[in-house]
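Me: I've got a model open and I'd like to learn how to read its cavities and the surroundings of its ligand. Can you walk me through it?

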Amino acid sequence: MVIAKAWALKKHFDGFPKTSDFDLKKIELPNIKDGGEQKLLLESVFLSVDPYMRPYSRRDMKEGDIMIGTQVARVVESKNPAFTVGAFVVAGRGWRTHFISDGKDLQLLPSNWPESLPKSLALGTVGMPGLTAYFGLLEVCKMKPGETVLVNAAAGAVGSVVGQLAKIGGCKVVGCAGSDDKVAYLKKIGFDEAFNYKTVKSLDEALHKASPDGYDCFFDNVGGEFASVAINQMKKYGRIAVCGAISQYNDSVPQKGPYVQLPMIFKELQMEGFLVTRWNNRREEGLQALLKWVVEGKVKCHEQVTEGFENMPMAFIGMLKGENLGKAVVKV
Ligand code: NDP
């Protein structure tokens, strides 16, 4: 018999999440040998902490529920011929150390995953955040060679891939992030221009200096004030992919901002919100493209690894505060 540890949402977040909003529980799992065709026992090896958990917890969860989320897990026992013991899968089973599955909700890592490549990347560059960058740039921004792409939260899981894919696509890339170390990292991985949005005197001036002609594509991970300023620097017929609004997720009172209509009209912009799940039917295509670029060294990956399942709330809160460079993951 296995006792799983799991983190529950003790209290709905009010403003910025606190460690006291979480509760560590122990859950006794039934023995899979006692019935249940096709059953598997899995142990989480890496767990993801993502910004979406903040707004989705309010929308989809009630107090006491196990926190939502995705993990890379290893098959420990199997009565399901499709999954051998020792195989690694991506599962969306929340913040748990162990769980039982019938296999229907599991995705095996691509069969050509190189042994030398960390499996945690299946939660980042070669996983959901990488796919978000891939489909957001190709299908929503519809970037073309020679264009200028702006991305914010650029040193994070999605943003760092956006910038590198835009470079592969022949674009000029401008990124911004919240520390000088992150800015140095962006330059190291090939961004043409990068700046620290927290220390520039004027965001408007910094955006103008980085691309005096303006921006064709804006991949917006942040929303709020940043987006309100950036929209005025779009070129005519520019495209804005509204991917995330992390600057607003912790607000107790909704922000009021300048409104988008005038620049939208006069510059004839397109602005489209999207969820990466729209392209679930093309997941394999996206993962194979990302895996190839990573293996070839054309896309670099950085991970912020927090050790220890007991530190999940801290890793989540740290990511929301911007402590992560690249993808924030927890190693059990
Ligand atoms: P990141 O790895 O980028 O981590 C979050 C980062 O956001 C932090 O490191 C911090 O970096 C930045 N940040 C936090 N607060 C603020 C703020 N007030 N203003 C500006 N930046 C802030 O996370 P992801 O790459 O996983 O996600 C990025 C965005 O993409 C999120 O908004 C997320 O919700 C969205 N997303 C959307 C998906 C979709 O399907 N539409 C799928 C996946 C993600 P810094 O130090 O630079 O401030």
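**Cavities and the ligand shell**

Reply: Start with the largest cavity: its lining is made of Val90, Gln107, Leu108, Leu109, Pro110, Ala122, Val126, Gly127, Arg283 and Leu287. Both β7 (106-108) and α8 (283-295) give two or more residues to that lining; helices (H or I, at least four residues) and strands (E, at least two) are DSSP runs, numbered from the N terminus. This is a predicted model, where local features need pLDDT of at least 70, side-chain atom pairs count only at pLDDT 80 or more, and totals for chains, interfaces and linings use all residues. Residues are numbered from 1 along each chain as its sequence is written, and side-chain values use heavy atoms, with hydrogens and water left out.

Me: What counts as a cavity, and how many of 30 Å³ or more are found?

Reply: On a 1 Å grid over the protein atoms alone, it's a set of points where a 1.4 Å probe fits but cannot get out, and lining residues have an atom within 4 Å of a point. Points are joined across faces, edges and corners, and the volume is the space filled by probe spheres set on them. Here the search of the whole structure gives two.

Me: Which residues line the second largest cavity?

Reply: Among them are Thr125, Ala157, Ser160, Lys300 and His302. For classes, Ala, Val, Leu, Ile, Met, Phe, Trp, Tyr, Cys and Pro count as nonpolar, Asp, Glu, Lys and Arg as charged, and the others, Gly among them, as polar. That lining has two nonpolar, four polar and two charged residues, while the lining of the largest cavity has seven nonpolar, two polar and one charged.

Me: Now the ligand: which residues come nearest?

Reply: A residue is near a molecule if one of its heavy atoms lies within 4 Å of it. Of the 27 residues around the ligand, the nearest are Val158, Lys182, Tyr197, Tyr249 and Asn324. The shell splits into 17 nonpolar, nine polar and one charged.

Me: Why does the ligand lie between domain 1 and domain 2?

Reply: Because domain 1 (2-124 + 302-331) and domain 2 (128-277) both give residues to its shell; the bounds come from an automatic or database domain assignment.

Note on methods. On a 1 Å grid over the protein atoms alone, a cavity is a set of points where a 1.4 Å probe fits but cannot get out, and a pocket is an open set with protein on both sides within 12 Å along at least five of seven lines; lining residues have an atom within 4 Å of a point.
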